[in-house]
Amino acid sequence: MIDNSSILSQLNLYAKLSELHDENPFKYKSFSTAAFNLKKIKEPFAEMDLQDLLNIQGVGKSALNAIELIIQTGTFPALEACLEKTPRGIVEMLNIKGLGPKKVKVIWEEMQINSVSDLLDACRQNRLVETKGFGIKTQADIIKAIEFSLTSQGKWHYARLMDKCNNFKSELKSIFPGFMVEYSGEFRRCLPIINRLLCVTTIDLMELYEYLEGESIECSVNDDEISFLFEEQVPFVFLCTDSMSFEKVLFETTGSEEHLKKIDYQPNEFDIAGSEEAYYESKNIPYIIPEQREGRDELVYNIDSQHFVEYGQLKGVLHNHTNYSDGLNTLKEMADYAKSQHFQYLGICDHSKSAGYARGLDEDRVLQQMREIDDLNSKMAPFKIFKGIESDILSDGSLDYDDSFLSKFDIVVASIHSNLNMSEEKAHERLIKAIENPYTTILGHLTGRLLLMRSGYPVNHEYIIDACAANHVCIELNAHPYRLDMDWTWIQYAQNKGVLISINPDAHEKMGYHDMYFGTIAARKGGLLTKNTLNAYTLVDFENYLLNRRKIKQL
Ligand SMILES: [Zn+2]
Ligand SMILES: [Zn+2]
């Protein structure tokens, strides 16, 4: 079944191509608006009644028709016609962040460059500097974007693979009952980005090989290994072993080399211990959960693994959007669903007024939403909705409302959404000013990165975390699997400085709450303790935290 993101990227591609070829602006704009708004739908289009999509803002008949055709045939005629008259290299160029159709048109027609590698060469020769509409900065940005897209090839988001991998494992277990099958390597370590999949199994190599061939999966055998492309793209290796060696092979291939070195791994000692738990015990090391076996700080934590935060321990959901701004669901729908999922509280943080692209709320709309929250709270108690905002950090670092208005909110998530292309110095200037604003409760998505797509603005994490510590500001671990920002590698530093972390889904529809699962995985990987997780606080503790903070800040 074709997934939503593949469908939407075809709509986007068509919008760009038709702009490139000077087609009717109304048409390409409507396709890109439709693709943008449809991003928020999580339910697979292929399983929906497509007519329902017409209710989504900006989705018209022609986009709907295209979606229908893509589901049935994998493409649609208008897109094919555009592709036919466009060189492949130009299509690739359109996928580079920061290169819109207008710029690509100049590169193609005026500079006569039609491949990404030629473009990179031209940049290195400063050829773009002289071209109208470009300049040194654009050129530098293009170089960065191309390099980034090159290193991103052959990598996958953990979240995109998780369900498919787990389903494949269940399938094997049902076909080969009684045999052991377990992922190892990067996937078992829950790295946000996966390069290849590794799976240890006791299934007989030849039987497994025949099964895969029978499923029309082309694979190759080498000693005890079977290699193939999972889902036709991800390198996948099965390590076949017997049940005596299973735990040992699993252990040896789960931890990174550095981890094995740090614990001074000895195969013969593992043979005596017999299991992962017993082995760590024999080494006098507390059990190290697989996701932490990276060879970084995991031995320094020296903490019983039960103290690391778990998804089931989260009591509240902070930082969520409703249809007041760019969310899909109403405030009531968001609240009802949070309550039904046994969360004790919900933080509504719609976009602030300068976020025009996301229907940011002016003061009147905020007050309207606050009245609705009061009303819902009176009916839904003890469940509680907190009044919040995701305030844009403006170019000079100030927030979007004046102090007297900011004081009306229970929580303020301060985030950068505009002018992301900036130096580290500029990023620091903006972030520090926002952190020092007494009303800022949580710093949102710290670097603005999108994994495999955008590297985010440069920041010195120590500097920013220190500022948060000094100003009693929590740091968000944005749980969207493409963000996971702040990165897990900084959690330990933040904890050492006494900074609380909030695992926030940044949900734009109610189902988005479940992204906190990916946030929790990243948090555990970084060693986040339940006691340092803001939204693992009970409702009472969370309210007390906010009260105390106001006292400290004398607000
Ligand atoms: Zn945001
Ligand atoms: Zn947000």
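Which residues coordinate the zinc ion (ligand 1)? Select ligand 1 and look for three donors: E390 through OE, H417 through NE2 and H445 through NE2. Their distances to the metal run from 2.1 to 2.2 Å. Keep in mind throughout that this is a predicted model.

**Stop 1: the zinc pair**

Stay on ligand 1. Its donor residues follow the spacing E-x26-H-x27-H in sequence. E390 is in strand β10, while H417 is in the loop between β11 and α20 (424–436). These two residues are 27 residues apart, and the pair links distant parts of the chain.

Is E390 buried or exposed? Its relative accessibility is 0%, so E390 counts as buried.

**Stop 2: the zinc ion (ligand 2)**

Centre on ligand 2. Its donors are H319 (NE2), H321 (NE2), E390 (OE) and D506 (OD). Here too the distances are 2.1 to 2.2 Å. Along the chain the donors are spaced H-x1-H-x68-E-x115-D. Display the angles among the 4 donor atoms: they range from 83 to 172°, and the site is irregular. Select H319 and H321 next; both are buried.

**Stop 3: helix α23**

Select residues 516–525, which form helix α23. How many of its 10 residues are buried? The count is 9, and the helix is mostly covered. The buried residues are M516, F518, G519, T520, I521, A522, A523, R524 and K525.

Now show what surrounds them. The helices packing against these buried residues include α9 (158–175), α16 (298–301) and α22 (491–496). Strands β8, β13 and β14 (501–504) pack against them too. Step just past the helix to G527, where phi is positive, at about 80°.

**Stop 4: helix α24**

Move on to residues 539–552, helix α24. This helix has 14 residues and spans 20 Å from its first C-alpha to its last. That is close to the 20 Å expected at 1.5 Å a residue.

Show the side chains of L539, F542, Y545, L546 and R549, which are buried. Then look down the axis of α24. The buried residues fall within an arc of 125°, so they line one face of the helix. Turn to the face pointing away from that buried side: V540, L547 and K551 are exposed there.

What covers the buried residues of α24? The cover includes β8 (316–320), β9 (345–351), β10 (384–392), β11 (411–415) and β13 (474–478). After the helix comes Q554, with a positive phi near 55°.

**Stop 5**

K384 is partly exposed, with a relative accessible area of 25%. E543 is also partly exposed, at 29%.

**Stop 6: other salt bridges**

The structure holds 24 salt bridges. A few selections follow.

Select E182 and K169. Their closest N and O atoms are 3.0 Å apart, in a salt bridge. E182 belongs to strand β2 (residues 181–184) and K169 to helix α9, so the pair ties together parts that are 13 residues apart in sequence. With 26% relative accessibility, E182 counts as partly exposed. K169, at 19%, counts as buried.

Next, pick D487 and R449. Their side chains meet in a salt bridge of 2.9 Å, N to O. D487 lies in the loop between β13 and α22. R449 lies in the loop between β12 (442–443) and α21 (461–470). The two are 38 residues apart and link distant parts of the chain. Both D487 and R449 are buried.

Finish with D22, K105 and E109. Salt bridges with shared partners join these residues into one network.

Note on methods
Residues are numbered from 1 along each chain as its sequence is written. Chains are lettered from A and ligands numbered from 1 in the order in which they are written. This is a predicted model: local features need pLDDT of at least 70, side-chain atom pairs count only at pLDDT 80 or more; totals for chains, interfaces and linings use all residues. Side-chain values use heavy atoms; hydrogens and water are left out. Helices (H or I, at least four residues) and strands (E, at least two) are DSSP runs, numbered from the N terminus. The expected span of a helix is 1.5 Å times one less than its number of residues. Buried means under 20% relative accessible area, exposed over 50%, partly exposed in between (1.4 Å probe, protein chains only). The arc is that of the directions from the helix axis to the C-beta atoms. Contact means heavy atoms within 4.5 Å. Donors are N, O and S atoms within 2.8 Å of the metal (3.2 Å for Na, K and Ca); water is not among the atoms, so sites may look incomplete. Four donors count as tetrahedral if all angles lie between 85 and 135 degrees; four count as square planar and six as octahedral if opposite donors are over 155 degrees apart and all others between 65 and 115; anything else is irregular. A salt bridge is a side-chain nitrogen of Lys or Arg within 4 Å of a carboxyl oxygen of Asp or Glu.
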